[in-house]
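I opened my notebook to jot down what I could look up in this structure, one topic at a time. Here is where the pages start.

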Amino acid sequence: LRALPKAPLSAGYSSSVAVYDRDKHLLRLTLAADDKYRLWMPLKELSPTLIEATLLHEDRHYYRHFAVNPVALLRAVYVTYVGGGRRVGGSTISMQVARLRYRIASRTVLGKLRQIGRAVLLELRYSKEEILEAYLNLVPYGQNIEGVSAASLIYFGKTAQALTMPEAL
């Protein structure tokens with residue numbers, strides 16, 4: 001299915017514009033058409049440190065599972081519903097992209113099943129790198145800030161390529 005023509009995962013998302021002075025200092029970051037701060041950055045242009053930190057924090061087995069990590073999902077169900085602990089997430093990066101991309105309400109069993117189904121379809125159509133790129137560009141970072149590029153400019157005043165490991169985490 002990956003060989004078939006498909007729209008990029010960035011399709012349908014507008015982008016902000018970063019305006020710099022001649023010394024490369026950020027002057028202004030515009031809102032995208034949907035009133036979000038979002039700068040789509042290709043995966044190959046993002047810092048390997050940032051990618052490593054994201055995988056470590058969000059889905060350390062990302063390259064070893066297909067769409068769903070059954071161990072993480074079962075652990076989340078057990079801790080949240082059986083153990084009586086705080087809510088724990090079991091979604092993989094692919095599942096999170098499915099939730100964000102298709103606006104799935106995943107707090108119910110039916111919603112979670114829809115999220116899993118969409119994640120499987122994503123992995124059939126797109127490479128792990130394409131999905132990871134979409135995640136890093138769509139993940140919310142508070143208020144109306146989406147993606148690591150906009151978040152790093154707003155919170156740290158630097159590009160996502162220049163983040164240190166503590167900042168990336």
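Predicted model: local features only at pLDDT ≥ 70, side-chain atom pairs only at ≥ 80, totals over all residues.

I looked up helix H1 (residues 48–58) and helix H5 (residues 128–138), which pack at an angle of about 90° with their axes 12 Å apart. Why give two values? Two packed helices are described by the angle between their axes and the distance between the axes. Angles of 65 to 115 degrees count as roughly perpendicular, so H1 and H5 are roughly perpendicular to each other.

Next I asked myself which residues of H1 and H5 make the contact. On the H1 side I noted Ile51, Thr54, Leu55 and Glu58, and on the H5 side Leu132, Tyr135 and Leu136. I sorted the contact of H1 with H5 by class and got five nonpolar residues, one polar and one charged.

**A hairpin**

I moved on to strand S1 (residues 18–20) and strand S2 (residues 26–29), and found that they pair in the antiparallel sense over three bridges. For Tyr20, I wrote down Leu26 in S2 as the bridge partner. The hairpin of S1 and S2 has five residues between the strands, and there Lys24 takes a positive phi near 65°.

**Salt bridges**

How many salt bridges does the structure hold? I got five.

I started with Arg38, whose side chain meets that of Asp34 in a salt bridge at 2.6 Å, N to O. Is Arg38 buried or exposed? Buried means under 20% relative accessible area, and Arg38 has 1%, so Arg38 is buried. Asp34 is another story: with a relative accessible area of 36%, Asp34 is partly exposed.

Arg38 turned up again, because its side chain also meets that of Glu146 in a salt bridge (2.9 Å, N to O). This pair links distant parts of the chain, with Glu146 in strand S4 (residues 145–146) and Arg38 in strand S3 (residues 37–38), 108 residues apart. I checked Glu146 against the cut-off too: its relative accessibility is 13%, so Glu146 counts as buried.

Last entry: Lys128 forms a salt bridge with Glu123, and their closest N and O atoms are 2.9 Å apart. I looked up burial for this pair as well, and both Lys128 and Glu123 are buried.

Conventions
Residues numbered from 1 in each chain as written. Heavy atoms only, no water. Axes fitted to C-alpha atoms, helices over the stretch in contact; angles between N-to-C directions. Helix = DSSP H or I, 4+ residues; strand = E, 2+ residues; numbered from the N terminus. Parallel < 35°, antiparallel > 145°, perpendicular 65-115°, else oblique. Contact = heavy atoms within 4.5 Å. Nonpolar A, V, L, I, M, F, W, Y, C, P; charged D, E, K, R; others polar. Pairing = 2+ DSSP bridges. Salt bridge = Lys/Arg side-chain N within 4 Å of Asp/Glu carboxyl O. Buried < 20%, exposed > 50% of the residue type's maximum accessible area, 1.4 Å probe, protein only.
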